[in-house]
Amino acid sequence: MRDLIIEILKEKEIPVYCVCDGLRESAELFFIGKNIDLTREKKARELKLTVYRDFEREGQKYRGSSSVYIYPGYDRARIEGLIDGAYASALYVENPYFDLPEGKYEEQVVKDSALKDGSLTDNAVAMASALYEADHETEAWVNSSEFFSEKETVHIVTSAGTDVSYVKFNINGEFVTQSKANGNDVELHWTFEYDTLAKDAIRLKCAQALKTVYDRAQAVKAPADLSGIPIVLCDGAVKDFLGFYLDRANAGMVYPGYSDYKEGFDVFKDANGEKPDIVMLPDAPYSGEGVRMEEHTLLEDGTVKNLHGNVMYSSYVGIPQIGGYSRIRCAGGHTPLSELKKEPCVMVKSFSDFQVDEMDGYFGGEFRLAYLYKDGKETILTGGTVSGNIFEAQKNLTFSQERYEDAYYEGPAAVRIG
């Protein structure tokens with residue numbers, strides 16, 4: 001099918017294009033309690049075609065683009081219709097001209113991971129077994145769970161000579177913990193995603209989730225006003241908090257002026273606390289445009305070392321083509337969590353929805369579970385909110401020595417703000 005698409009493009013004299021051909025295979029397990037309720041295997045193929053069209057208006061040169069998705073079973077006539085429609089649409093997208101990076105044929109890359117050594121089903125079973133090893137409490141338990149063990153094979157071909165492919169593995173899913181402690185019936189929903197056989201990580205996540213749901217069953221309504229009390233963010237919220245810096249370093253934010261980041265920019269110049277060292281990690285060997293992905297330093301001692309982004313915005317900003325990143329590793333963190341909890345503070349363990357605004361830096365949300373440390377005692381809270389602004393918060397950060405890991409983050413498991 002990929003060859004047919006390229007053949008049609010040449011026949012229609014469409015000279016600039018990018019074809020991203022993806023095949024996703026999966027083994028899926030569904031549990032009720034500790035018992036398997038359903039197993040199945042799936043395959044799905046999807047081709048994303050982006051066509052580019054060069055034109056001029058009022059002396060300005062543009063390169064418009066439009067993308068369509070093509071699936072197995074589409075006949076030639078339908079594919080031709082989609083391509084014609086995309087090429088016509090590209091004429092109305094007035095993006096300033098940019099070049100696609102020149103590439104070449106490269107041998108297929110298989111992303112290194114322990115998941116590649118076992119079958120998809122075996123990987124799902126291994127992760128499920130690890131999760132349920134932590135499910136041995138009497139006051140809290142895993143109500144249900146779902147595991148999706150995936151293998152993705154991607155082949156990218158562009159008109160600029162790029163012809164690359166890769167294979168990567170992933171395991172993701174969700175589980176529900178339940179507790180009827182203290183006369184309450186509480187359920188909490190958890191998601192996970194790893195790109196390796198992270199049995200220790202999912203075992204720990206389950207153990208913490210069981211403690212969280214048990215404590216949630218005993219929590220009291222949070223005070224209406226928690227402002228002025230230092231905040232401790234945990235786990236996924238730390239990832240989202242630090243992800244703000246990755247978002248601000250995207251060329252798509254820099255080019256229109258939404259972000260003032262550039263190489264050498266001191267993000268933490270007014271900081272009195274810790275300055276995070278952050279590395280951008282590839283979640284695949286190549287971007288969807290065929291750009292080779294490698295590790296790159298994002299922040300070093302609080303200073304921007306690299307920007308990232310897609311081909312178009314990277315060209316506009318004038319930075320090297322390194323692709324766009326969504327995964328980070330943060331070094332540092334030397335303070336035990338027990339010290340981060342020094343009073344007064346509110347440590348949020350579980351949010352119903354945590355948001356970070358990449359434009360103005362405001363963050364916060366309503367929490368399911370938090371611990372208030374004040375006046376020499378611990379109070380378990382629910383139903384409250386915390387908020388702040390990263391531009392102020394980053395002046396005084398302290399990171400935990402304990403670590404947290406998932407498919408898109410490696411780094412401190414907690415950060416104290418204030």
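How exposed is Ser65, in terms of relative accessible area? Ser65 is partly exposed, with a relative accessible area of 23%; here buried means under 20% relative accessible area, exposed means over 50%, and partly exposed lies in between, using a 1.4 Å probe and protein chains only.

Before going further, a word on the model. This is a predicted model, in which local features need pLDDT of at least 70 and side-chain atom pairs count only at pLDDT 80 or more, while totals for chains, interfaces and linings use all residues. Residues are numbered from 1 along each chain as its sequence is written, and side-chain values use heavy atoms, with hydrogens and water left out.

## The chain as a whole

The protein chain has nine helices and 21 strands. Helices (H or I, at least four residues) and strands (E, at least two) are DSSP runs, numbered from the N terminus. For 418 residues, a compact globule would have a radius of gyration near 22 Å, and the 24 Å of the protein chain agrees with that. For your own check, the radius is taken over C-alpha atoms, and the globule rule is 2.2 Å times the number of residues to the power 0.38. Along the principal axes, the C-alpha trace spans about 75 × 55 × 35 Å.

Of the 418 residues, 49% are buried. The accessible surface comes to about 19,400 Å², and carbon and sulfur atoms hold 45% of that area; the areas come from the Shrake-Rupley method with a 1.4 Å probe, and for residues only the protein chains shown count as cover.

Helix H1 covers residues 2–11, and its buried residues are Arg2, Ile5, Ile6, Ile8 and Leu9. They lie on the same side of H1, because they cover an arc of only 160° around the axis, the arc being that of the directions from the helix axis to the C-beta atoms. On the other side, Asp3 and Lys10 are exposed. The cover over the buried residues includes strands S1 (16–32), S2 (35–57), S3 (60–70) and S5 (140–158), together with helix H2 (76–90).

Glu13 follows H1 and has a positive phi, near 55°. Its place is the loop between H1 and S1, and at 67% relative accessibility Glu13 counts as exposed.

## Nonpolar cores

A nonpolar core is a set of buried Ala, Val, Leu, Ile, Met, Phe, Trp, Tyr and Cys residues joined through side-chain atoms within 4.5 Å. The largest one here has 50 residues, and those with the most contacts inside it are Leu233, Phe241, Leu242, Tyr245, Tyr261 and Phe367. Helix H5 (residues 236–248) gives the largest share of this core, seven residues. Leaving aside neighbours within four places in sequence, the contacts of Leu233 include Val238, Phe241, Val348, Phe351 and Ile417. A second, separate core has 32 residues, including Phe31, Ile171, Tyr194 and Cys206.

## Cysteines

How many disulfides does the model have? With a disulfide taken as a pair of cysteine sulfur atoms within 2.5 Å, the count comes to zero. For Cys18, the nearest cysteine sulfur is that of Cys20, 6.4 Å away, and Cys18 is buried at a relative accessible area of 6%. For Cys330, the nearest is that of Cys234, 15 Å away; Cys330 is also buried, at 0% relative accessibility.

| Pair | Residues apart along the chain | C-alpha separation |
|---|---|---|
| Glu13 and Val267 | 254 residues | 47 Å |
| Ser65 and Pro230 | 165 residues | 47 Å |
| Lys262 and Ile319 | 57 residues | 9.6 Å |

Back to Ser65, which lies in strand S3. Not counting residues up to four places away in sequence, Ser65 touches Thr50, Val51, Tyr52, Ala90, Val93 and Asn95.

Lys262 sits in the loop between helix H6 (251–254) and strand S10 (278–281). Lys262 is exposed, with a relative accessible area of 54%, and touches Val304 and Leu307, not counting residues up to four places away in sequence.

How values were computed. Contact means heavy atoms within 4.5 Å.
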